[in-house]
Number of protein chains: 2
Amino acid sequence: MDVQIAVAKIGKYATSNSGDTVEVVERPQGGVSVVMADGQTSGRGAKWISTLVVRKVIALLAEGVRDGAAARAASDSLFTERQGKVSSTLNIVSVDRQTQTLVITRNNPTPAILAYGDKIRLLDEPSLPVGVRRGTRPVITEVPVQAGVTVVVYTDGLTHAGDRCGERMDVLTCVQALLDDDPASPQSIADALLNHAYRLDDKRPVDDISVVVVRVGEHEGDEVRRMTVRIPFSS
Amino acid sequence: MDVQIAVAKIGKYATSNSGDTVEVVERPQGGVSVVMADGQTSGRGAKWISTLVVRKVIALLAEGVRDGAAARAASDSLFTERQGKVSSTLNIVSVDRQTQTLVITRNNPTPAILAYGDKIRLLDEPSLPVGVRRGTRPVITEVPVQAGVTVVVYTDGLTHAGDRCGERMDVLTCVQALLDDDPASPQSIADALLNHAYRLDDKRPVDDISVVVVRVGEHEGDEVRRMTVRIPFSS
């Protein structure tokens with residue numbers, strides 16, 4: 001099998017930094033994890049919080065700590081450091097070679113999407129962000145790794161797109177349309193969702209928006225791992 | 001301007017894990033860093049070492065520590081932990097928004113390449129891996145960020161490709177040919193170098209091979225940050 005991950009990210013209009021942080025790391029026993037956090041408020045303060053949460057989770061994952069335990073640790077750590085005064089959402093999507101499972105960890109009121117082929121399941125069990133209360137637990141969904149599975153996670157900037165203009169983003173319908181449109185690549189799904197939100201926000205996003213798409217497909221081609229990153233760089 | 005980063009990576013033949021680690025992180029003051037390490041020997045032990053070195057460097061960069069100081073810290077830390085008995089190469093390539101510079105940090109006897117358009121400069125000042133001696137310093141090259149700059153760094157698996165079969169990899173000539181071939185994308189350069197090495201090794205790489213290409217280009221298109229990852233996943 002092949003795991004493909006696509007990330008698309010844009011900052012709130014007229015801020016120099018997105019307050020969201022998304023990072024991808026290899027798991028020590030094989031496989032890969034994507035960690036996404038959206039810090040409370042926006043700009044530098046939010047970036048500081050989301051970076052702290054993602055760093056904490058990644059450091060623990062690198063030591064072999066399970067995703068759920070890493071999420072709980074990130075929550076307790078932020079709660080202790082900031083006395084429950086700041087919060088951050090947290091999503092972890094892991095493809096774990098050891099357990100041969102796909103693990104979706106949510107500390108985020110915003111739902112996530114799990115699809116088999118074009119059959120969508122909305123992961124919307126109630127879930128709290130990290131850092132606000134002692135002992136916050138993530139909602140975890142664990143399914144076998146198999147070809148044809150797609151996971152889409154996103155920050156609330158995506159779901160709130162268009163609020164200002166009165167035409168709200170319907171993420172589920174968009175994802176369904178994109179999955180029907182075989183064979184949409186993970187990058188084209190992430191880009192299409194972001195572009196749609198960007199247009200609904202009149203090209204001036206009212207919040208940071210991040211979209212992550214993870215797809216497990218049949219193995220195609222060589223054994224090479226590849227990563228491509230593109231970052232606009234202002235002088 | 002836009003920064004594009006491409007990574008291509010393959011493990012030694014018949015090992016389940018590459019001993020090389022490559023990770024990309026955002027810099028706290030803006031910009032991005034790529035960190036690459038090649039741990040001594042191969043397989044699980046090497047992976048453990050290279051992960052340790054990359055984690056250490058990334059944690060420090062995330063705190064705002066300068067690249068050179070992060071490299072020295074990683075060396076001292078590995079030296080202290082393993083009493084100088086294990087070594088790892090380390091390369092950091094950063095595009096720093098604060099200083100508006102491109103910083104190439106080398107603790108690696110294998111050279112790196114810095115090109116302006118198709119004019120190549122080989123960065124081959126003597127440089128030691130981290131972890132072997134107390135007080136090891138990196139070789140640092142810092143140049144202004146400008147469109148048209150390309151940096152290529154790689155592990156010694158690339159330079160040693162073909163050794164077994166008698167036809168040795170000439171990285172410099174390959175890169176020159178790829179840069180002459182305008183407009184080669186960073187991913188096509190990384191892929192072409194890796195594929196050439198793979199063929200010289202008779203499709204059975206004698207060592208882990210990692211290639212990183214960083215390119216600064218004119219700003220094109222939108223303000224979206226994008227990342228794509230592809231990982232073959234064995235069950």
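Me: Leaving aside its neighbours within four places in sequence, which residues is B:Glu142 in contact with?

Reply: Before the case itself, please note that this is a predicted model, in which local features need pLDDT of at least 70 and side-chain atom pairs count only at pLDDT 80 or more, while totals for chains, interfaces and linings use all residues. Residues are numbered from 1 along each chain as its sequence is written, chains are lettered from A and ligands numbered from 1 in the order in which they are written, and side-chain values use heavy atoms, with hydrogens and water left out. Contact means heavy atoms within 4.5 Å, and B:Glu142, once neighbours within four places in sequence are set aside, is in contact with B:Thr99, B:Thr101, B:Leu102 and B:Val103. B:Glu142 belongs to strand 8 (residues 139-144) of chain B, where helices (H or I, at least four residues) and strands (E, at least two) are DSSP runs, numbered from the N terminus.

Me: Is B:Glu142 buried, partly exposed or exposed?

Reply: Buried means under 20% relative accessible area, exposed means over 50%, and partly exposed lies in between (1.4 Å probe, protein chains only). B:Glu142 has a relative accessibility of 47% and therefore counts as partly exposed. For contrast, take B:Pro205, which has 4% relative accessibility and so counts as buried. B:Pro205 sits in the loop between helix 5 (186-200) and strand 10 (209-217) of chain B, and its contacts, apart from neighbours within four places in sequence, are B:Ile10, B:Gly11, B:Lys12, B:Tyr13 and B:Tyr198. The C-alpha atoms of B:Pro205 and B:Gly162 are separated by 8.8 Å, although the two residues are 43 apart along the chain.

Me: How should I read the packing of two helices, and at what angle do helix 1 and helix 2 of chain B pack?

Reply: Two packed helices are described by the angle between their axes and the distance between the axes. Axes are lines fitted to C-alpha atoms, for helices over the stretch in contact, and angles run from 0 to 180 degrees between N-to-C directions. Helix 1 (residues 43-62) and helix 2 (residues 67-82) of chain B pack at about 140°, with their axes 9 Å apart. Angles under 35 degrees count as roughly parallel, over 145 as roughly antiparallel, 65 to 115 as roughly perpendicular and the rest as oblique, and helix 1 and helix 2 of chain B are therefore oblique to each other. The residues in this contact include B:Trp48, B:Leu52 and B:Leu60 of helix 1 of chain B, together with B:Ala70, B:Ala74 and B:Arg82 of helix 2 of chain B. By class, this contact of helix 1 with helix 2 of chain B has 11 nonpolar, 1 polar and 4 charged residues, where Ala, Val, Leu, Ile, Met, Phe, Trp, Tyr, Cys and Pro count as nonpolar, Asp, Glu, Lys and Arg as charged, and the others, Gly among them, as polar.

Me: How do helix 1 of chain A and helix 1 of chain B lie relative to each other, and which residues make the contact?

Reply: The axes of helix 1 (residues 44-62) of chain A and helix 1 of chain B come within 12 Å and cross at roughly 170°, and that makes the two helices roughly antiparallel. A:Arg55, A:Ile58 and A:Ala62 on one side and B:Arg55, B:Ile58 and B:Ala62 on the other make the contact, which divides into 4 nonpolar, no polar and 2 charged residues. A:Ala62, at a relative accessible area of 21%, is partly exposed; not counting residues up to four places away in sequence, A:Ala62 touches A:Pro28 and B:Arg55.
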